Amino acid sequence: MESSPPLADRMRPRTLREVRGQEHLTAPGRLLYQALKADHLPSLIFWGPPGCGKTTLARIIAAEVGSHFEPMSAVMAGVRDVRLVVERAKEEKQRAGKATILFVDEIHRFNKGQQDAFLPYVEDGTIILLGATTENPSFELNGALLSRTRGVTLNALSTGDLVHIIREAVEDPQRGLGIGGVSLSDGTAQTIAEAADGDARLALNILETLSSIAQAKED
């Protein structure tokens with residue numbers, strides 16, 4: 001029997017409108033909304049705590065602009081991996097005339113050589129770089145990369161945001177737990193949200209674990 005993706009992946013927002021807690025970037029007139037509306041997306045470094053939506057925003061942006069999306073973890077990748085991505089991006093630019101969106105998770109883990117490997121292709125428009133980091137980019141990234149990107153700060157999600165996300169997951173019959181008839185008291189939703197401390201992924205992981213435990217007891 002094929003297992004379904006984790007609840008946190010299934011409930012990942014699909015549009016800017018569905019993103020919670022980052023209205024300073026996603027609301028009409030704000031940076032990401034305007035960049036997508038104008039079809040003029042700069043390279044960005046997302047700085048924020050875990051579970052605030054950095055990867056989600058990168059995926060939404062790639063889908064909205066219709067660009068090829070290349071995800072990469074700076075923990076796992078080396079210079080050779082970066083060069084392979086660059087080659088694919090150059091081929092995509094020739095084929096479709098569009099820049100590739102390169103999303104680098106934990107970009108602060110890249111050393112200077114790895115960062116320098118894709119700088120020329122950010123400059124010439126072959127790549128739009130979207131980096132994600134939990135560390136202050138001003139201290140962790142080299143000056144050449146910082147000068148070619150724009151840093152944006154993401155907020156930890158409020159308890160209210162997390163309660164809303166939890167409620168959506170409980171009630172959604174397609175992607176969430178709604179089809180299983182799961183119920184959740186307001187007090188439990190609040191407790192999960194407080195325990196998650198601003199992290200939507202953690203909140204949904206806790207919810208999914210509690211749901212699995214409850215179903216096991218019923219069986």
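Reply: A residue counts as buried when its relative accessible area is under 20%, as exposed when the area is over 50%, and as partly exposed in between. The model discussed here is a predicted one.

Me: How many residues of strand 4 are buried?

Reply: Strand 4 covers residues 127–133. The strand is mostly covered, and the number of its 7 residues that are buried is 7.

Me: Which residues of strand 4 point the opposite way from Ile-127, Leu-129, Gly-131 and Thr-133?

Reply: In a regular strand, side chains alternate between the two faces of the sheet. In strand 4, Ile-127, Leu-129, Gly-131 and Thr-133 point one way, and the residues on both sides are buried. Those that point the other way are Ile-128, Leu-130 and Ala-132.

Me: In what order do the strands of the open sheet stand?

Reply: Strands of a sheet pair through backbone hydrogen bonds, in either a parallel or an antiparallel sense. Strand 4 pairs in the parallel sense with strand 1 (residues 44–47) over 4 bridges, and with strand 3 (residues 100–105) over 6 bridges. The open sheet has 5 strands with parallel pairing, and their order is 2-3-4-1-5.

Me: Why is one side of strand 2 and of strand 5 left without a neighbour in the sheet?

Reply: Strand 2 (69–73) and strand 5 (150–153) each have a single partner strand, so one side of each has no neighbour in the sheet. The twist from one strand to the next averages 20 degrees. The reason asked for is the position of strand 2 and strand 5, which is at the edges.

Me: Which residue of strand 4 is the bridge partner of Phe-46?

Reply: Other positions along strand 4 also have residues opposite them: Trp-47 stands opposite Thr-133, and Leu-102 stands opposite Leu-129. For Phe-46, the bridge partner in strand 4 is Ala-132.

Me: What is the handedness of the β-α-β unit made by strand 3, helix 6 and strand 4?

Reply: Helix 6 spans residues 112–123 and belongs to a unit with strand 3 and strand 4. A crossover is right-handed if, with the strands pointing away from the viewer, the path from the first strand over the helix to the second runs clockwise. The β-α-β unit is right-handed.

Me: At about what angle does helix 4 run to strand 3?

Reply: Helix 4 (residues 54–65) lies across strand 1, strand 2, strand 3 and strand 4. Helix 6 also packs on the sheet, touching strand 3 and strand 4, and its direction makes about 130 degrees with that of strand 4. For helix 4 and strand 3, the angle is about 175 degrees.

Me: Are helix 5 and helix 6 roughly parallel or roughly antiparallel to each other?

Reply: Helix 5 (residues 79–96) and helix 6 pack with their axes 9 Å apart, at an angle of about 10 degrees. Angles under 35 degrees count as roughly parallel. The two helices are therefore roughly parallel.

Me: Which residues of helix 6 meet Val-79, Val-82, Val-86 and Lys-90 of helix 5?

Reply: By class, the contact of helix 5 with helix 6 has 6 nonpolar, 2 polar and 1 charged residues. The residues on the helix 6 side are Gly-113, Gln-114, Ala-117, Phe-118 and Tyr-121.

Me: Is Glu-92 buried or exposed?

Reply: Glu-92 is found in helix 5. Leaving aside residues up to four places away in sequence, Glu-92 touches His-68, Gly-97, Lys-98 and Thr-100. Its relative accessibility is 16%, and the cut-off is under 20%, so Glu-92 counts as buried.

Me: How far apart in space are Tyr-121 and Ala-89, C-alpha to C-alpha?

Reply: Tyr-121 lies in helix 6, and its relative accessibility of 23% makes it partly exposed. Apart from neighbours within four places in sequence, Tyr-121 is in contact with Val-86, Lys-90, Thr-126 and Ile-127. Tyr-121 and Ala-89 are 32 residues apart in sequence, and their distance in space is 8.9 Å.

Note on methods. Residues are numbered from 1 along each chain as its sequence is written. This is a predicted model: local features need pLDDT of at least 70, side-chain atom pairs count only at pLDDT 80 or more; totals for chains, interfaces and linings use all residues. Side-chain values use heavy atoms; hydrogens and water are left out. Buried means under 20% relative accessible area, exposed over 50%, partly exposed in between (1.4 Å probe, protein chains only). Two strands pair if DSSP finds at least two bridges between them. Axes are lines fitted to C-alpha atoms, for helices over the stretch in contact, and angles run from 0 to 180 degrees between N-to-C directions. Contact means heavy atoms within 4.5 Å. Angles under 35 degrees count as roughly parallel, over 145 as roughly antiparallel, 65 to 115 as roughly perpendicular and the rest as oblique. Ala, Val, Leu, Ile, Met, Phe, Trp, Tyr, Cys and Pro count as nonpolar, Asp, Glu, Lys and Arg as charged, and the others, Gly among them, as polar.
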